[in-house]
Amino acid sequence: MKPLVRTGKTVLLVALVVLSIVLSYFLWSGNLKEGSEIGIVQDSPMPTETTPDVAHAVRPYRIVVQAAGGTTIANPDSSAYTNWLSALATAHALDRTTIHQLPQNVDFQVTLQFGTKVNHTLAGKWLNPFSSTIGKWSGRSIILYKPKDDTNCRVAFPVDNGMMTVKTDLPATTLWKQADKQVSAAPYDVLDGTSGPSYIPRALSMSEFIYSVRQPDTLPLVHTFFVNPQAITRIQQDQNTSLWTDGSRAVLWDKQTMDLQYEDPNGTQVPLHDDALLSGIDFIHSHGGGPQSVIAFDQLGSLTVNPNAPSYVLTQYVDGFPILSNTANYNINMENGRVLEYDRPMWVLEQPVAQSAVHVLDRGQLLNKLKSLDPADTPTNLRITLGYALVTNQSLSAQNEVQLQPVYYVTSGSGAGWMVDAQSGSLVLGSDPS
């Protein structure tokens, strides 16, 4: 055989071997973009995360402060919010009585409102000072108040057909002045509705943000959902959607909506806690974690309308206000303490890259705008929540950025819902405000 021919065949053989190795790598690492394949990989496992922690996820989503001058709202992470939580945590219980309802003529009242029913397991930080007096109480609100002609504050815990009220050593005069000062500085109007009161600021400037975002590593996150990630099948459903399954569990990733969904109809995870929410938070830790600044809501407490009605929604908070777009939520559907479904955004807020002040509509301005959207509805049928909408467009997405726009999230008794620009009152989203 001529040397030139022999050399040519050797080069061709080496090229084929290299090509085979390269194609095998892409096949088994799950990087082919079309069709189906077995996703056998040897990548490093994703570590268990510690966020969000229970202390952040189970905290009041708002604190309503009422005094002689009116009402205000202490939003999460504000100084007012922190001060009220600190006061409650340092209280000492002196005695307990049961009453049918709170007195009408209190000097001030501060109500901590939770998105889910809390107990000593979930909210021990605030309930431990009262553990010897309130027993195994559970509920959705805790009320700090000053009765007339009393030098100390009392704390009330709603129960069936009444209130357990506990006298404390908290000095009433200091906290009374604090409540008056907060109401005077940032008054809110109360809109009483059939589904509960809504709170609308009289003169508030919110920040409008543009945030940089990052995307978690997809494959390591996907593999956390499977017992044996070396034997899962990946199906490329279209150019934006990928499905991984082991025949029982399934994970769907949509690149266009930046959403990842997990489903296990059999609920094979063993619950680690008696409380379902704690098991749900542990599940999030084991599957990529989540942001620290979230608050948990159950189906009854949820701020937004979600047709899927998950058992728990972890809503992200920015600058004290909730992100009211459902696509920003971490949703957990559970049964008997086991996670059946879970979906999360495939983006994480990093840092604000731009910020500007926005003056939001007051009660009269907002109701006038809403009247044009649904003339048949009366204010008593409305539930109104102030927060942020997640806005993306082509230019922002190309730069891995999102806009957080101040909005009022409005739902009515008829089931209609809107997001309206909190500054202009113009419609942001129509009958489906997700």
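This is a short chat about a predicted model of one protein chain.

Student: What should I know about the model and the numbering?
Tutor: It is a predicted model, so local features need pLDDT of at least 70, side-chain atom pairs count only at pLDDT 80 or more, and totals for chains, interfaces and linings use all residues. Residues are numbered from 1 along each chain as its sequence is written, and side-chain values use heavy atoms, with hydrogens and water left out.

Student: How many helices and strands does the chain have?
Tutor: There are 10 helices and 25 strands. Both are DSSP runs numbered from the N terminus: helices are H or I with at least four residues, strands are E with at least two.

Student: What percentage of the residues count as buried?
Tutor: Of the 434 residues, 48%. Buried means under 20% relative accessible area, exposed over 50%, partly exposed in between (1.4 Å probe, protein chains only).

Student: And what share of the contacts links residues 24 or more positions apart?
Tutor: Such pairs make up 62% of the contacts in the chain with a separation of 6 or more. A contact means heavy atoms within 4.5 Å.

Student: Which residues touch the most other members in the largest nonpolar core?
Tutor: Ile63, Trp84, Ile142, Phe157, Phe225 and Tyr342, out of 62 residues in that core. Helix α3 (residues 79-89) gives the most to this core, with six residues. A nonpolar core here is a set of buried Ala, Val, Leu, Ile, Met, Phe, Trp, Tyr and Cys residues joined through side-chain atoms within 4.5 Å. In soluble globular proteins, nonpolar side chains tend to be buried together.

Student: Which residues of α3 are buried?
Tutor: Ala80, Tyr81, Trp84, Leu85, Ala87 and Leu88. Seen down the axis of α3, its buried residues fall within an arc of 160°, so they line one face of the helix. The arc is taken from the directions from the helix axis to the C-beta atoms.

Student: What does Trp84 touch?
Tutor: Leaving out residues up to four places away in sequence, its contacts include Ile63, Val65, Phe108, Val110, Leu144 and Leu175. There is also a second, separate core of 34 residues, which includes Ile200, Val213, Leu349 and Val402.

Student: Switching to Gln113. Where does Gln113 lie, and is Gln113 buried or exposed?
Tutor: Gln113 lies in strand β5 (residues 108-118). Gln113 counts as buried because its relative accessibility is 16%.

Student: Which side chain does the Gln113 side chain make a polar contact with?
Tutor: That of Arg62, at 2.6 Å. A polar contact is a pair of N or O atoms within 3.5 Å; within protein, one must be able to donate a hydrogen and the other to accept it, and residues adjacent in sequence count only if both atoms are side-chain atoms. Gln113 and Ser141 are 28 residues apart in sequence, but 4.7 Å apart in space, C-alpha to C-alpha.

Student: What about Thr165, buried or exposed?
Tutor: Thr165 counts as buried, at 2% relative accessibility. Thr165 is in strand β8 (residues 162-171). Its side chain makes a polar contact with the side chain of Tyr145 (2.7 Å).

Student: How many cavities of 30 Å³ or more turn up in the whole structure?
Tutor: One. The largest cavity has a volume of about 190 Å³. On a 1 Å grid over the protein atoms alone, a cavity is a set of points where a 1.4 Å probe fits but cannot get out; lining residues have an atom within 4 Å of a point. Grid points are joined across faces, edges and corners, and the volume is the space filled by probe spheres set on the points.

Student: Which lining residues are closest to the centre of the largest cavity?
Tutor: Arg62, Ile73, Asn75, Thr385 and Leu386, of 14 lining residues. The largest share of the lining, three residues, comes from β22.

Student: How far is Val410 from Thr385?
Tutor: They are 6.6 Å apart in space, C-alpha to C-alpha, and 25 residues apart in sequence. Val410 is in strand β23 (residues 401-411) and is buried, with a relative accessible area of 0%.

Student: Backbone next. Where is the cis peptide bond?
Tutor: A cis peptide bond joins Thr51 and Pro52, with omega about 0°. Pro52 sits in the loop between β1 (36-38) and α2 (54-57).

Student: What is phi for Asn336?
Tutor: Positive, about 55°, although Asn336 is not a glycine. Asn336 counts as exposed, at 69% relative accessibility.

Note on methods:
1 Å grid on protein atoms, 1.4 Å probe; cavity = no way out; pocket = protein on both sides within 12 Å on 5 of 7 lines; lining within 4 Å.
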